[in-house]
Amino acid sequence: MIPGTTRTLLRDLVPEGAAAAAEADPEVARVKSSAEMVTAIEPAVRLYEEPPSEGLLVQTDEADVWVSPGDWAEAFDAPEPGTPHNEALDQVWDALLSDLVDEHEEGDDREASPDRLRRALRHNEELVTTLNRAWTLIEPTDLVGDLWSVPAYLRRCAPWLTADEVRKLQRDDAQAWTVADLPLLDAARQRLGDPEASRRHQRRAAIVAADRAYMDRVVEDLLAADDDGEGLAQALRQQDLRDALVDEAALPSADPDRLAGPFAHIVVDEAQELTDAEWQMLLRRCPSRSFTIVGDRSQARHGFTESWQERLERVGFDPIEIASLSINYRTPAEIMAEAEPVIRAVFPDANVPTSVRTTGVPVGHRKMSELGAILDAWLETNPEGIACVIGTRDGRTVTPSSRVRTLTPEDVKGLEFDLVVLIDPDTFGSDGRERGIEGTVDRYVSMTRATQQLVLLTNG
């Protein structure tokens, strides 16, 4: 791998991806896969950023302070644009406390020290509780899980959904994550940020304050022991030097997420399979929109009716340069002659590259009962190379070995083998029955994995 690069699967961009299952209901997968569905995350978060509409009298030992609805609203507007929700809480606190202390100083009661009043307000239980209820720290999993378990919440955040769609998106285990959930979890994680950030900031501030107090005592002891008040002792009177004595680099911090970006350039393979929502995961990590995108419309299991230009423009790319593959170096002409009509049945305008080599070995059409003999004969006459038997999960009738693989049609994309044997390819599809585009694409992709020889087995 080139130094400074990272290679990963799309599902590994979020922690929940490793255990995520396929979405069982195609209609649910379709609804979740839209880019519009990802936009539901913003109003979902905004519901946790609504300032209290009523004032609050905060009573402390230093002074009694009135927090008006205007004070709440001003503090909630304080975070810098783009600051994640969880990480913005400290900015809300700073703005609120500064405003309340300033307003108190402008009043008639000037007895309370600003620093003491600020500390008293920051630790007032009623004020802390009120703010935390209005600006709640929340985990991405809880936010997205609530969409799938609270219909009213989903309707408010995604008002374009029909009543039937809202009903279908609900599930008993809200956090039984599927692949279709991952783009929403990713968007929620970016928008929310680290729920520990505020607590970590407070711990750092407390440690820094304690370290500075300790350094101040050390400096005062050194100054008291100095006879002439010159040299180092004089320098120690400067606050900048005292601050430099505190090692903030040693304070607790979070490990950076190396997959969060931003990246200077992203290379996408098998791009024809990405949903609109999944494209948003990648675009979010590369603000420059500098991408190399590799994909084949004819290998899209769920269909690809647009041109690449139309698809990429729609998901957010501009400008776009497209180059088509015209030469096929991997698959022999004998195999492509049978594979091409298969894919053109569903994609008449599919880009089928021209094979530049032949093997003289025609595609075999044999019976299922001959599978063992076919493999034995090939292994005997070919001391090197790998064979692969491709069929549905129920069709694995061969024991794998170092030179014989058994895979499903979904698993072989991007791979190549010397010999490929397809078991009853007419049954290819999501559940073992032919399923239009999906079954046809599975058959085409499986056929074109062979670099030397292809055999099709049927029960007939």
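What follows is a chat about a predicted model, its rings, a pocket and some backbone details.

Visitor: Hi! What kind of model is this, and how are residues numbered?
Guide: This is a predicted model, where local features need pLDDT of at least 70, side-chain atom pairs count only at pLDDT 80 or more, and totals for chains, interfaces and linings use all residues. Residues are numbered from 1 along each chain as its sequence is written, and side-chain values use heavy atoms, with hydrogens and water left out.

Visitor: How many helices and strands does the protein have?
Guide: The protein has 19 helices and eleven strands. Helices (H or I, at least four residues) and strands (E, at least two) are DSSP runs, numbered from the N terminus.

Visitor: And what share of the residues counts as buried?
Guide: Of the 460 residues, 42% count as buried. Buried means under 20% relative accessible area, exposed over 50%, and partly exposed in between (1.4 Å probe, protein chains only).

Visitor: Which helix is mostly covered?
Guide: Helix α8, residues 140-147, has six of its eight residues buried. Those are Pro140, Thr141, Leu143, Val144, Gly145 and Leu147. They pack against α3 (41-46), α9 (151-157) and α11 (182-192), where contact means heavy atoms within 4.5 Å.

Visitor: Is His85 buried or exposed?
Guide: His85 counts as buried, at 0% relative accessibility. This residue belongs to helix α5, residues 85-106. Beyond its neighbours within four places in sequence, His85 touches residues including Tyr48, Glu49, Trp135 and Arg191.

Visitor: Switching to rings: how many aromatic pairs are there?
Guide: There are five aromatic pairs. Rings of Phe, Tyr and Trp (its six-membered ring) pair if their centres lie within 6.5 Å; planes under 30 degrees apart count as stacked, over 60 as edge-to-face and the rest as tilted. One of the pairs is Phe291 with Phe317, which is edge-to-face at 4.9 Å centre to centre, with 80 degrees between the planes.

Visitor: Which parts does the pair of Phe291 and Phe317 tie together?
Guide: Phe291 lies in strand β4 (291-293) and Phe317 in the loop between α16 (308-315) and β5 (327-328), so the pair links parts that are 26 residues apart in sequence. Phe291 is buried at 15% relative accessibility, and Phe317 is buried at 5%.

Visitor: What about Phe304 and Trp308?
Guide: Phe304 and Trp308 make a tilted pair, 4.8 Å centre to centre and 55 degrees between the planes. Phe304 is buried at 1% relative accessibility, and Trp308 is buried at 15%. Elsewhere, ring pairs link Trp72, Phe76 and Trp135 into a cluster.

Visitor: Which charged residues lie over the face of a Trp?
Guide: Lys32 lies over the face of Trp148, 4.4 Å from the ring centre, and Arg122 lies over the face of Trp93 at 4.0 Å. The rule asks for NZ of Lys or CZ of Arg within 6 Å of the ring centre and within 35 degrees of the ring normal.

Visitor: How much space is in the second largest pocket?
Guide: About 1100 Å³. On a 1 Å grid over the protein atoms alone, a pocket is an open set of points where a 1.4 Å probe fits, with protein on both sides within 12 Å along at least five of seven lines; lining residues have an atom within 4 Å of a point. Grid points are joined across faces, edges and corners, and the volume is the space filled by probe spheres set on the points.

Visitor: What lines the second largest pocket?
Guide: Of its 36 lining residues, the closest to the centre are Ile293, Val294, Gly295, Asp296 and Ala323. Strand β4 gives the most to the lining, with three residues. The lining divides into 16 nonpolar, twelve polar and eight charged residues. Here Ala, Val, Leu, Ile, Met, Phe, Trp, Tyr, Cys and Pro count as nonpolar, Asp, Glu, Lys and Arg as charged, and the others, Gly among them, as polar.

Visitor: Last one: where are the cis peptide bonds?
Guide: One joins Gly261 and Pro262, with omega about 5 degrees, and another runs from Asp318 to Pro319, with omega near 0 degrees. Pro262 is in the loop between α14 (239-244) and β3, and Pro319 is in the loop between α16 and β5.
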